[in-house]
Amino acid sequence: MAMAAPLAGPGPLIDVHAHFFFEGCGRAEWDALNRARFRAGDRIGISIHVASILGSWGRFSPTYFASPADTTRGNDAMQAIAQRHPDRVRWYVAVNPNDTAFALAEIDRRVAAGAIGVKLAAGRRADDSLLDPIAERAADGGLPVLHHIWQHRRRHWPGQDASDGADLARLAARHPTVSFILAHIGGGGDYRHTYAAVRNVPNIYLDLSGSGVDRGMLDDAYAAVGAKRLLWGADITLCTGLAKLWALEVIGLTTEEMADVRWRNAERIFPTGTLGSSGEGGSGMRDEGTPHHSPHPASPIPHPAND
Amino acid sequence: MIDTNAYIGGYPFRHIPHPEPAILARVLEREGLDGAWVGHLPSAFYRDPAPGNDELFTALEPHATLRPAPCIRPDWPGWERALASAVERGAPAIRVYPPQWGLGADDPAMRSLCAACGEAEVALVFTARFEDLRQRHWMDQAGDLSAAAVRAVARSNQRTRIVVCSAGRGTIEEVHWGLTPAERDLVFFDISWIWGPPEDELALLLGTVGAGRFVYGTGWPLRLAQTPRANLALLPDELKDVKLADPSSW
């Protein structure tokens, strides 16, 4: 049966901010959620879901303050999903920096098992020194760090030690060789504060994911950091992700810029070859000193339209 | 199909690019929509909506596909005259903002307005929210429209079509299943703020509440007009031919 044309148009498309669920996590409908992500991803034309699982999603310990046991449980599940879907899933190792020694060991272990990035949520503020050893590990491995971000944190939010763009900018300044992905500019709060905070921090990339679809948000992001520092993602609302892709075309990105946002920027910041068409997943580790921005082939990503 | 959830004008808490009627008309054409019920966004925050209504009628005059949906505040003296004037000037729907006016769920003025809208054969449009609660300006203290406020009006309603815009699954279910079948028949919800996959809440609601209870809405100029189109495009195969209610035939 012929596959329908992807709703997001032809060409590779990498979702740098995806999540999956697993049996025993806090969501009874975990399998339906995972299947729905794949179904919608195929329809949109997502080539690769780069995903994470945050502990047990709150069942045994808080989502943003996952215990070591939960961290292990979530990463086990994420690793298994990636191994079952080597053609379309890559993954971040998620850690809670409060258990620092455990977090570092978990990063090493999971990168050896195929993780290609580090996911930090909201267990500790981004500019806290506890994050430094994790960022150093990311630098050693050439791993991008996806950090959950609140836009303009003006007060405490329950259930998390939220960070904002300014917090992440301080961490990024201390670790200039690490690529930081600032999560979901559509994820709540005052995104214009984020743009002001990170405009001049070149190793921070903005992921466009999140449920927020404010008009002006994408235009302003593009104006603030340019297409070379934007990454497409959906997080837990694929519908808004698709809408934003369509909106990017309307606001006037060139074909080349769209390719940057859809996949080329991701390929530049993830370890060389890990998003490629081999489907091997890869070790994700690079030799120390290898530049993050590696040469890339024209269109190496497996894509439904190319199958 | 028309957009039941569109506005012109600025928003007090953040900059919105080009909230002008000519731009809206172009957006509707791009999105394949036949027209819109258009409100005047600043009026939601005015104490006296009359000047905003005048601006709305004037601004929409050159645009045949943009139908004015002015704001009538039922706790304001002379609202009956304002409603009659709005109907006379061609309004197909009336917008109300009880949280912004400080009207409680059981305020009798809302029931009076609803009845008057039925007499005048115009729809009554609620807006559940303009922004996500998490991103609101600290001065924006109105809160979301409660399901109870809609239920209170719907339970006294005999003939007015009520449209609730920008509601999420929780509010929609609480309204719908909190009404009798006869009461439900007059209540509709726009799809602008219902999540698609992987949560698939739109698909769930179309199956449980029924497609006939939903209308198309975008939330423009606050929200990307592409969002409801994307949501419909991502419905599971068994719902791909789903038909929403069409207010242009009301």
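How many helices and strands does the secondary structure of chain A come to? Colour chain A by secondary structure and count: there are nine helices and eight strands. Keep in mind that this is a predicted model.

**Stop 1: chain A as a whole**

Stay with chain A for a moment. It has 307 residues, and 57% of them count as buried. If you look at contacts between residues at least 6 apart in sequence, 75% of those in chain A join residues at least 24 apart.

**Stop 2: a pair of helices in chain A**

Now select residues 68-84 of chain A, which form helix α2, and residues 100-112 of chain A, which form helix α3. Their axes are 11 Å apart and the packing angle is about 15 degrees. Angles under 35 degrees count as roughly parallel, so α2(A) and α3(A) are roughly parallel to each other. The crossing of α2(A) past α3(A) is right-handed. Show side chains to see who makes the contact: Pro68(A), Thr71(A), Asn75(A) and Gln79(A) come from α2(A), while Phe102(A), Glu106(A) and Arg110(A) come from α3(A). By class, that contact has two nonpolar, three polar and two charged residues.

**Stop 3: a loop in chain A**

Next, pick His152(A), in the loop between β5 (145-147) and α5 (165-174) of chain A. His152(A) isn't a glycine, yet its phi is positive, at about 60 degrees. Is His152(A) buried, exposed or partly exposed? It has 17 C-beta neighbours inside 10 Å, so it counts as partly exposed.

**Stop 4: over to chain B**

Hop to chain B, where the average pLDDT is 97 and 100% of the residues score at least 70. Select Glu121(B), in the loop between α5 (108-120) and β5 (123-127) of chain B. Here is another non-glycine residue with a positive phi, near 60 degrees. Glu121(B) is exposed, with 12 other C-beta atoms within 10 Å.

Then go looking for cis peptide bonds. One runs from Pro197(B) to Pro198(B), with omega near 5 degrees; Pro198(B) is in the loop between β7 (187-190) and α9 (201-210) of chain B. Another runs from Trp220(B) to Pro221(B), also with omega near 5 degrees. You'll find Pro221(B) in the loop between β8 (214-215) and α10 (226-233) of chain B.

**Stop 5: where the chains meet**

Finally, show both chains together. Their contact takes 26 residues from chain A and 22 residues from chain B. On the chain B side, these divide into eleven nonpolar, six polar and five charged. For the complex, the predictor gives an ipTM of 0.96 and a pTM of 0.92.

Definitions and conventions:
Residues numbered from 1 in each chain as written. Chains lettered and ligands numbered in written order. Predicted model: local features only at pLDDT ≥ 70, side-chain atom pairs only at ≥ 80, totals over all residues. Contact = placed C-beta atoms within 7 Å. Nonpolar A, V, L, I, M, F, W, Y, C, P; charged D, E, K, R; others polar. pLDDT = per-residue confidence, 0-100. Axes fitted to C-alpha atoms, helices over the stretch in contact; angles between N-to-C directions. Helix = DSSP H or I, 4+ residues; strand = E, 2+ residues; numbered from the N terminus. Parallel < 35°, antiparallel > 145°, perpendicular 65-115°, else oblique. Left-handed = near helix turned anticlockwise from the far one by under 90°. Buried ≥ 20, exposed ≤ 12 C-beta atoms within 10 Å, placed from the backbone.
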